Amino acid sequence: MAKETVQVPDDGDFRSFREECHSESGWSLKHDGSGIRVWVQMTEGDRALHRIKCRMFCKDVCSETLYDVLHDAEYRKKWDENMIETFDIGKLTVNADVGYYAWRCPKPLKNRDVVTLRSWLPMGSDYIIMNYSVKHSKYPPRKERVRAVSVQTGYLVETNSANSSTLTYLAQVDPKGSLPKWVVNQSWQRLAPKAMKKIYKACLKYPEWKHMHAPAYKPWLHPEQSQLLAIQLSELAIQHADSLENIDESGIPETRDDKADASDEDSVN
């Protein structure tokens, strides 16, 4: 979905994203266990700019709950331990906005952040949320973080039954910087499966949490509830990776962080 100008994705973009989520061509299966499968598609030789695809069957989680959890920024603060901060910058349409997200990277790498144009679309009983990186003059890169680039990142939520669903995560992100091989390997061997499990566990707890926290407030379903200020496409530009500082972290050795791994082998089902 590479573009030269900032555009709100159209129906064709959503269809293409869905097709790629289902495609097997060019993908190598790297992980298959605990109810989660992870594929990788390497690009541009040995660079860290690869594509990753994860799929998880979610027992006892309906697609509506999964979609709500992926949207609910307030709830994300409760379960996403890798998140440093996130906030919305402004809305473009009833189903597109611009936001900021910063996350922790495996130590001792520098933390990363992105500014993205996010859009979403219900498709029958299924849902898609996807984003790509943009520039906004009021939110330039910060000295303490590395500005990464989302070429395209998103989720496909599919209904299996009244109380089960399937989540597919598809991402091509340039983390900026020459990363060590162990980071790239960790992304599909450990980090991606672990992140999917956390989403699943967050979904199981969401109905009870949401019942106690503004249960009717869901601006992703009811755009009239949104209080975001409107921004114009003219305020944005495509964030090209080559315009950002390149940080060489290729020589950093791996340090195992075990404290968050206690439940890493738990099955999601």
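This is a predicted model: local features need pLDDT of at least 70, side-chain atom pairs count only at pLDDT 80 or more; totals for chains, interfaces and linings use all residues.
Residues are numbered from 1 along each chain as its sequence is written, and side-chain values use heavy atoms, leaving out hydrogens and water.

**Loops with a positive phi**

- Ser-34 sits in the loop between β1 (28-33) and β2 (36-41); strands here are DSSP runs of E with at least two residues, helices are runs of H or I with at least four, and both are numbered from the N terminus.
- Although Ser-34 is not a glycine, its phi is positive, at about 55 degrees.
- As background, most residues other than glycine have a negative phi.
- Asp-60, also not a glycine, has a positive phi near 65 degrees.
- You will find Asp-60 in the loop between β3 (51-59) and α2 (63-71), and with 48% relative accessibility it counts as partly exposed.

**Helix α2**

- Helix α2 is mostly covered, with eight of its nine residues buried.
- Among the buried residues of α2 are Leu-66, Tyr-67, Val-69 and Leu-70, along with Asp-68 and His-71.

**Strand β7 and its partners**

- Strand β7 (residues 126-136) is largely enclosed by the rest of the structure, because ten of its eleven residues are buried.
- β7 pairs with strand β6 (residues 112-123) in the antiparallel sense over eight bridges; strands count as paired if DSSP finds at least two bridges between them.
- Within this pairing, Ser-119 has Met-130 of β7 as its bridge partner.
- The hairpin of β6 and β7 has two residues between the strands, and Gly-124 takes a positive phi near 70 degrees there.
- β7 also pairs with strand β9 (residues 149-161), again antiparallel, over five bridges, and here Met-130 stands opposite Gly-154 of β9.
- A further antiparallel pairing joins β7 to strand β11 (residues 236-238) over three bridges, with Ile-238 in β11 as the bridge partner of Val-134.

**Aromatic pairs and a charge over a ring**

- The structure holds eight aromatic pairs; rings of Phe, Tyr and Trp (its six-membered ring) pair if their centres lie within 6.5 Å, and planes under 30 degrees apart count as stacked, over 60 as edge-to-face and the rest as tilted.
- One of the pairs is Tyr-155 with Tyr-169, which is tilted because the planes stand at 45 degrees, with the ring centres 5.2 Å apart.
- That pair links distant parts of the chain, with Tyr-155 in strand β9 and Tyr-169 in strand β10 (residues 164-174), 14 residues apart.
- Tyr-155 is buried at a relative accessible area of 15%, whereas Tyr-169 is partly exposed at 21%.
- Tyr-206 and Trp-209 form a stacked pair, because their planes are at 25 degrees, with ring centres 6.1 Å apart.
- Both of these residues lie in helix α4 (residues 181-212), three residues apart, about one turn of the helix, and both Tyr-206 and Trp-209 are buried.
- Ring pairs also bring in Tyr-75, so that Tyr-75, Tyr-206 and Trp-209 form a cluster.
- Lys-53 lies over the face of Trp-39, 5.7 Å from the ring centre; a charge sits over a ring if NZ of Lys or CZ of Arg is within 6 Å of the ring centre and within 35 degrees of the ring normal.

Notes:
Buried means under 20% relative accessible area, exposed over 50%, partly exposed in between (1.4 Å probe, protein chains only).
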